[in-house]
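Okay, thanks for making time, everyone. I'd like to walk you through some charged pairs today, so let me put the sequence and the structure up.

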Amino acid sequence: PDYGPAAGNTLAETRDQAGRDGFERVELLGLPLAVISERQMIDHVISEVAAGRGGWICTMHLDMLRQWRRSAEVRGLVSSIDILVADGMPLVWACALRGTPLPERVPGSTLTVSLTEAAAAAGNSVFLLGGKPGTAERAARELKRRYPELRLAGTLCPPLGFENEPDYLDLIKSTLRDAAPDIVFVALGFPKQDRLILELRPILPNAWLMGCGISFSLIAGELRRAPRLFQMLGLEWVFRLVQEPRRLFRRYMVQGIPFGVVLMWRSLLDRFSSATAQEGVPPPQLDD
């Protein structure tokens, strides 16, 4: 399969990159991932909100990386995101194989809850956008039950096809503008949720926005989160596949596994290429 052009930076070059936020970046197949822990991510967002500065977080997993490699439109979209973190364990493993390890996995489903908890403690407001009909409201009630001091700025569940309805897009924008939340979680799946975030950034310059996939369904109890052991072993996808086989079979079994194999192989080759380049030995070539 064609997974796009290979990254050309050496390992030394990828570790020298840092964003405007000061966090170091490492490149995985050309994608710049922040070298950051979940706690650092939370502290950064809360401090930036206090300073009146907004931003955009994306928690990248294997399928998102695959789409990023294959689609110029997705690469353009992702280039606007402020902080990319590794959600899936395959990305963490691949970075370790390259010799550019990340401190930990930062799952979007976990960050949605932990960042909400921190926002509640700091007095920041949170808006839930997306999910299935009624799910955002149920998730909001559950979050309010867990964190009674939480300031809920509102919830909104756009109908299917809303992105093709200019009037409804205007409604979303006006609703968010009036609510003026500090943090917005958008649960519409990648890359739809990120296309909407791009539209919302200009009207919410001081807010932090994050796509969170199925997180509302997990919070509301409509889907079960994989046991901790599954998460640690990188087998959370198996647990999800059992729950939603028709929706996820192609993504995990047909697309994900082959791409994951290529990712690990390329990560090893990147490490080998960096070592041999320092010794003046031409690196091997890999065809996709």
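**Salt bridges, pair by pair**

Let's start with Asp63, which makes a salt bridge with Arg66, with 3.0 Å between the closest N and O atoms. By salt bridge I mean a side-chain nitrogen of Lys or Arg within 4 Å of a carboxyl oxygen of Asp or Glu. Before I go on: this is a predicted model, so local features need pLDDT of at least 70 and side-chain atom pairs count only at pLDDT 80 or more, while totals for chains, interfaces and linings use all residues. Numbering runs from 1 along each chain as its sequence is written, and side-chain values use heavy atoms, with hydrogens and water left out.

Back to the pair. Asp63 and Arg66 sit three residues apart in helix α3 (residues 62–70), so about one helical turn separates them. Helices here are DSSP runs of H or I, at least four residues, strands are runs of E, at least two, and both are numbered from the N terminus. Are these two buried or exposed? Asp63 is buried at 11% relative accessibility, and Arg66 is buried, also with 11%. For the cut-offs, buried is under 20% relative accessible area, exposed is over 50%, and partly exposed is in between, using a 1.4 Å probe and protein chains only.

Next, Asp82 and Arg201 form a salt bridge, with their closest N and O atoms 3.2 Å apart. Asp82 is in the loop between α4 (72–78) and β5 (83–86), and Arg201 is in the loop between α9 (192–200) and β9 (208–211), so this pair ties together parts 119 residues apart in sequence. Asp82 is partly exposed at 24%, and so is Arg201, at 22%. There's also a network: salt bridges with shared partners link Asp87, Arg105, Arg225 and Glu236.

Then there's Arg39 with Asp43, a salt bridge at 2.9 Å, N to O. Both belong to helix α2 (residues 38–50), four residues apart, or about one turn. Arg39 counts as partly exposed at 48%, and Asp43 is partly exposed too, at 42%.

Zooming out, how many salt bridges turn up in the whole structure? The search finds 18. The protein chain has 13 helices and nine strands, and 50% of its 288 residues count as buried. Taking contacts (heavy atoms within 4.5 Å) between residues at least 6 apart in sequence, 72% join residues at least 24 apart.
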